[in-house]
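User: I would like to go through this model with you, starting with the ligand. Could you bring it up?

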Amino acid sequence: RKSTVVITGASSGVGLQAAKALAQTGQWHVVMACRNLSKTEEAAQSVEIPQGSYTIMHLDLASLESVRQFVNKFRESGRSLDTLVCNAAVYMPLLKEPLRSVDGYELSVATNHLGHFLLCNLMLEDLKKSSSGDPRLVILGTVTHNPKELGGKIPPRPDLGDLKGLAEGFKEPYSMIDGKKFEPVKAYKDSKVCNVLTMRELHRRYHESTGITFSSLYPGCVATTPLFRNHYPLFQKLFPLFQRYITGGFVSEELAGQRVADVVADPAYRQSGAYWSWGNRQKKDGKSFVREVSPEASDDEKAKRLWDLSEKLVGIG
Ligand code: NDP
């Protein structure tokens with residue numbers, strides 16, 4: 001029997017290549033959980049994911065109702081869930097004013113963190129029933145979450161503060177987790193800190209009792225993906241060159257996708273609570289290692305408080 005993996009945001013970039021890498025092994029059926037069905041079908045065909053090895057299902061992470069509907073649809077499909085990959089994200093560095101999710105929350109934190117937070121909580125039940133003997137839940141992180149690393153030093157730095165914005169309900173007039181003025185780049189970085197805190201709290205709460213492996217990874221700087229579609233055109237041109245020739249951080253979409261696939265399927269990555277990295281400068285045949293997360297992302301008290309407040313905001317608290 002093939003194992004089943006759900007990958008969010010598999011219509012482009014890292015998620016698409018991870019879907020391809022897993023489908024190609026012949027051992028995985030990939031559920032591509034995406035907001036645009038026809039775009040995803042075209043993307044799957046363009047990178048030649050074998051027919052029959054994937055299913056596309058609708059999921060809009062910027063709507064809590066859509067997350068719930070996705071989980072119901074998935075259950076109706078009769079598939080068992082063996083691994084969940086939370087990969088989708090939006091990055092909107094040039095926004096002057098915050099955009100809002102269907103539920104009224106600032107859009108990047110709503111999509112990258114809150115939608116995935118609800119999805120993880122609901123699908124935990126499905127993962128518990130996996131008969132693969134090795135269920136996993138993987139959340140994409142990023143180096144920019146960590147001011148202690150080179151790639152994380154560029155301001156604005158993430159800072160969840162005392163989570164005032166979340167505690168106040170995260171709707172207008174609040175748009176930042178710390179309750180301060182809207183800053184779109186920081187909102188993205190904050191959401192990725194939340195991703196790492198969520199992974200660590202899932203591990204603390206559920207690893208021992210369920211045997212599920214919870215992990216995160218920084219796949220490298222994948223400077224060519226549409227993640228930067230909302231940036232200046234000149235930035236989109238120069239950033240890949242800068243990463244390739246100056247910082248040495250450049251990673252192809254294929255390689256990043258393969259790294260996600262490895263964290264999903266390779267026995268070497270069966271370590272719960274781990275945040276995997278291949279370093280900042282890419283070396284030929286560079287090996288992965290468990291990297292320390294940022295001081296804020298390793299704060300257990302913050303992880304608990306973020307969990308409690310997120311539960312309320314997604315309606316399960
Ligand atoms: P892309 O922009 O290529 O892919 C993002 C995916 O998320 C797309 O499939 C997009 O769908 C989907 N998505 C966005 N909003 C929603 C939503 N509301 N509901 C469902 N899906 C949604 O980005 P990358 O491949 O670069 O990024 C993937 C992950 O890797 C992210 O978590 C990112 O933080 C992480 N990462 C990326 C790095 C990089 O350098 N690129 C570095 C480190 C981490 P659609 O096609 O419809 O827009």
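This is a predicted model: local features need pLDDT of at least 70, side-chain atom pairs count only at pLDDT 80 or more; totals for chains, interfaces and linings use all residues.

User: Which elements give two or more residues to the shell around it?

Analyst: Those elements are α1 (13-24) and α6 (184-210).

User: Which residues come nearest to the ligand?

Analyst: There are 31 residues around the ligand, and Ser11, Ser12, Lys39, Tyr188 and Thr225 come nearest. Ser12 is also the residue whose side chain has a polar atom 2.7 Å from a ligand oxygen.

User: How does that shell divide into nonpolar, polar and charged residues?

Analyst: The shell around the ligand has 16 nonpolar, 10 polar and 5 charged residues.

User: Let us turn to cavities. How many are there of 30 Å³ or more?

Analyst: The structure holds 1 cavity of that size. The volume of the largest cavity is about 30 Å³.

User: Which residues line the largest cavity?

Analyst: Its lining consists of Leu61, Ala62, Ser63, Leu64, Ser101, Asp103, Tyr105, Ala110, Leu114 and Gly115. By class, 6 of the lining residues are nonpolar, 3 are polar and 1 is charged.

User: Which helix gives the most to that lining?

Analyst: Helix α4, residues 107-128, gives the most, with 3 residues.

User: Now the sheet. What is the strand order?

Analyst: The sheet is open, with 8 strands in the order β3-β2-β1-β4-β5-β6-β7-β8, and the pairing is mixed. At its edges are β3 (54-58) and β8 (289-290), each of which pairs on one side only.

User: How do β7 and β8 run, parallel or antiparallel?

Analyst: Strand β7, residues 274-277, runs antiparallel to β8, and 2 bridges join them. Ser277 stands opposite Phe289 in β8.

User: One last topic, the backbone. Where are the cis peptide bonds that you have noted?

Analyst: Pro156 is found in the loop between β5 (136-140) and α5 (164-167). Another cis peptide bond joins Glu172 and Pro173, with omega of about 5°. Pro173 lies in the loop between α5 and α6.

User: And what is the phi of Glu48?

Analyst: Glu48 has a positive phi of about 60°, although it is not a glycine. Glu48 lies in the loop between α2 (37-46) and β3.

User: Why single these out?

Analyst: They are mentioned because most residues other than glycine have a negative phi, and most peptide bonds are trans.

Technical notes: Residues are numbered from 1 along each chain as its sequence is written. Side-chain values use heavy atoms; hydrogens and water are left out. On a 1 Å grid over the protein atoms alone, a cavity is a set of points where a 1.4 Å probe fits but cannot get out, and a pocket is an open set with protein on both sides within 12 Å along at least five of seven lines; lining residues have an atom within 4 Å of a point. Grid points are joined across faces, edges and corners, and a volume is the space filled by probe spheres set on the points. Helices (H or I, at least four residues) and strands (E, at least two) are DSSP runs, numbered from the N terminus. Ala, Val, Leu, Ile, Met, Phe, Trp, Tyr, Cys and Pro count as nonpolar, Asp, Glu, Lys and Arg as charged, and the others, Gly among them, as polar. A residue is near a molecule or strand if one of its heavy atoms lies within 4 Å of it. A polar contact is a pair of N or O atoms within 3.5 Å; within protein, one must be able to donate a hydrogen and the other to accept it, and residues adjacent in sequence count only if both atoms are side-chain atoms. Two strands pair if DSSP finds at least two bridges between them.
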